[in-house]
Amino acid sequence: MAHLSIQEPGHPRRRFELPEHPVVLGRESGCDLVLAEPAASRRHAQITRAGQQYEIEDLNSSNGTRVNGCGVTRATLSDGDVISIHERRSSLTPA
């Protein structure tokens with residue numbers, strides 16, 4: 001099963017298994033994956049399974065979503081990609 005390795009400044013690394021259904025990530029407590037990162041919007045981005053791959057879509061966040069350093073509105077994810085919230089060092093790595 002695919003997962004994200006999550007590293008936020010000041011917090012220990014954690015692992016999040018990606019389920020079959022879409023996952024919303026952000027600061028809001030109702031998100032599937034809650035981020036402590038202040039640069040994250042309440043509902044920042046969504047990761048969706050598309051066949052055998054996963055896609056990330058920015059949900060009109062204030063600070064943007066980056067994959068491997070490039071700003072994206074939607075992107076297909078690959079093993080080892082680094083998802084960043086704005087320019088901070090928080091990262092989510094699909095594996």
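This is a predicted model: local features need pLDDT of at least 70, side-chain atom pairs count only at pLDDT 80 or more; totals for chains, interfaces and linings use all residues.
Local features require pLDDT of at least 70 and side-chain atom pairs pLDDT 80 or more, whereas totals for chains, interfaces and linings use all residues. Residues are numbered from 1 along each chain as its sequence is written, and side-chain values use heavy atoms, with hydrogens and water left out.

Strands are DSSP runs of at least two residues, labelled E and numbered from the N terminus; two of them pair if DSSP finds at least two bridges between them. Strand E5 (residues 45-50) pairs in the antiparallel sense with strand E3 (residues 23-26) over 3 bridges, and Ile47 in E5 is the bridge partner of Val23. E5 also pairs in the antiparallel sense with strand E6 (residues 53-58), over 6 bridges, with Ala50 opposite Gln53. A hairpin with 2 residues between the strands is formed by E5 and E6, and Gly51 in its turn has a positive phi of about 70 degrees.

A nonpolar core is a set of buried Ala, Val, Leu, Ile, Met, Phe, Trp, Tyr and Cys residues joined through side-chain atoms within 4.5 Å. Buried denotes under 20% relative accessible area, exposed over 50%, and partly exposed the range in between (1.4 Å probe, protein chains only). The largest nonpolar core has 21 residues, of which Leu18, Leu33, Ile47 and Ile56 touch the most other members. Two or more residues of this core come from each of strand E1 (3-7), E3, E5, E6, E9 and E10. Beyond its neighbours within four places in sequence, Leu33 is in contact (heavy atoms within 4.5 Å) with residues including Leu4, Phe16 and Val23.

The whole structure contains 5 salt bridges, each defined by a side-chain nitrogen of Lys or Arg within 4 Å of a carboxyl oxygen of Asp or Glu. Arg14 and Glu8 form one of them (3.1 Å, N to O); Arg14 is partly exposed at 32% relative accessibility, while Glu8 is buried at 4%. In the bridge between Arg49 and Glu20, the closest N and O atoms are 2.8 Å apart. This pair links Arg49 in strand E5 to Glu20 in the loop between strand E2 (14-17) and E3, 29 residues apart.

Asp81 is found in the loop between strand E9 (74-77) and strand E10 (83-85). Asp81 is buried yet has no salt bridge, the nearest side chain of opposite charge being Arg66, 13 Å away. A polar atom of the Asp81 side chain lies 2.7 Å from the backbone nitrogen of Ser78.

Notes. Helices (H or I, at least four residues) and strands (E, at least two) are DSSP runs, numbered from the N terminus. Lys and Arg count as positive and Asp and Glu as negative; His and the chain ends are not counted. A polar contact is a pair of N or O atoms within 3.5 Å; within protein, one must be able to donate a hydrogen and the other to accept it, and residues adjacent in sequence count only if both atoms are side-chain atoms.
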